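I wanted notes on helix packing, backbone phi and charged pairs. The entries are set down in the order I looked things up.

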Amino acid sequence: MAGRGRAPKRVMGLLLAGLTGLAGLTGLVGCAGSTGTDAASAEARQVLDRRAAAVRDGSERAFVATAPPGSVAAADRAEARTGFRNLRAVPLTDWSYRVTGFHRTGDRATADAELRYRIEGYDRAPVVTARTLSLLRAEGRWYVSDDRPAGDASRQLWEQGTVVAVRGAHSLVLGVGQSRGTLRGYADLADRAVPAVREAWGAEWPGRVVVLVPKSLEGMAELLGAPASGYRGIAAVTTGVVSEADRGSSRPEAGGGSGKAPADRIIVNPDAYGVLGSFGRQVVLTHETTHVATRASTSAATPLWLSEGYADWVGYLGTGRTAAQAAPELTRAVLDGRVPDALPEDGDFGFGGDAGKLARAYESGWLACRMIAERWGEVRLREFYRAVGAHEKRAGAVEAGLREVLDMSPGEFTRLWRAYLRDRLV
């Protein structure tokens, strides 16, 4: 968030649930009915299958063998070797390519593909990302000369350098350009966050998080597939998968999916995170971990004030911070007589705008959740969150949740919340 070290989340639509193993070719592009093109596409599938098997087997030799041979292609083989070594520390349990398009011109071709992979012990379904692979035919076989993100797809951490992995009791931290000691610090924070979140949210969450720590803000932006300017001052974000039915959907928050979310990642901006004190770092990691835990109950029906407010509520739970201490921007507004008329809209959580407005949006959502927990109890707060997320559409979801769980209308809730702000912040 600008000015506070937290931000709305860029998630959903990046990843995809459901592993199908080594998939075949679909949607091939080329000369219809051409035997030569069909044969070439089948050979392309085979070399990608060999490359995927090399990753799964941990065989650098087999992986490099999928790059073009000979002195002319020495650079391609060196790049393949470096890429494999960058990836080696990541504990992968699956890796496969699904080719969606094939374009051939003589001895060169391009394959459009979906890369699917899972981190062992953490991902219940694969991360799916679009790739473009350049192929070269030499000595009667096809080889991979380049493997890169397709279009505006995000880069993967290992494409930024050698990955260092640190395991915690409840966490896996993967970093590039960071010392092992620094990454251990992140693991310690995540290991404290996970039990706190499980206590607040419930034991049905497996209680494991993956934290990615790139070298810089620019590296974070590459992992998100977005301009770095939009994340300056943002300490961390959480990304997550959506189900097959939700593929292609996107919204700037921890919600926006169908409730199936098996491969979340907490992505840190080391530039902004590094200037926080120990208290702020813990609040941020606990906040982001809450998004991981609540993903399955967060949907397109969940407004940002609720998902971000709940994550802040868990982040500050037990810290002893008063409302005025944790909500300075909103406190100033209320003292100036500018009590909000309504809870913030999703657009109020956008990047790159008024930092004060963004902070007030987060603070407003947090105080709404804090009010529910104080007036109705923590169990009712969880029930309200889940009730809202269970609705198929945004329209009417909050209204139904308020009626079913809190026995209130939206107007009554808003009036109560505004009074709560005056009482706690003045």
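**Ground rules.** I am working on a predicted model, where local features need pLDDT of at least 70, side-chain atom pairs count only at pLDDT 80 or more, and totals for chains, interfaces and linings use all residues. Residues are numbered from 1 along each chain as its sequence is written, and side-chain values use heavy atoms, with hydrogens and water left out.

**Helix pair.** I looked up α7 (residues 278-294) and α8 (residues 304-316), which pack at about 130 degrees with axes 8 Å apart. Helices here are DSSP runs of H or I of at least four residues, strands are E runs of at least two, and both are numbered from the N terminus. Axes are lines fitted to C-alpha atoms over the stretch in contact, and angles run from 0 to 180 degrees between N-to-C directions. The pair is therefore oblique, the class left over when under 35 degrees is roughly parallel, over 145 roughly antiparallel and 65 to 115 roughly perpendicular. I noted contacts (heavy atoms within 4.5 Å) that involve, among others, Phe279 and His287 of α7 and Tyr310 and Asp312 of α8.

**Positive phi.** Most residues other than glycine have a negative phi. I found Glu139 with a positive phi of about 55 degrees, in the loop between β4 (127-138) and β5 (141-149). Glu139 is exposed at 69% relative accessibility; buried means under 20%, exposed over 50% and partly exposed in between, with a 1.4 Å probe and protein chains only. Asp407 also has a positive phi of about 55 degrees. I place Asp407 in the loop between α13 (397-406) and α14 (410-425), and it is exposed at 66%.

**Salt bridges.** I searched the whole structure and got 24 salt bridges, each a side-chain nitrogen of Lys or Arg within 4 Å of a carboxyl oxygen of Asp or Glu.

- Glu43 pairs with Arg137, with the closest N and O atoms 2.5 Å apart. Glu43 is in helix α1 (residues 35-57) and Arg137 in strand β4, so the bridge ties together parts 94 residues apart in sequence. Glu43 is partly exposed at 26%, and Arg137 is partly exposed at 25%.
- Asp341 meets Arg418 at 3.6 Å, N to O. Asp341 is in the loop between α10 (328-335) and α11 (355-376) and Arg418 in helix α14, so parts 77 residues apart in sequence are tied together. Asp341 is exposed at 64%, whereas Arg418 is partly exposed at 21%.
- I also logged a salt-bridge network linking Glu60, Arg81, Arg85 and Arg88.
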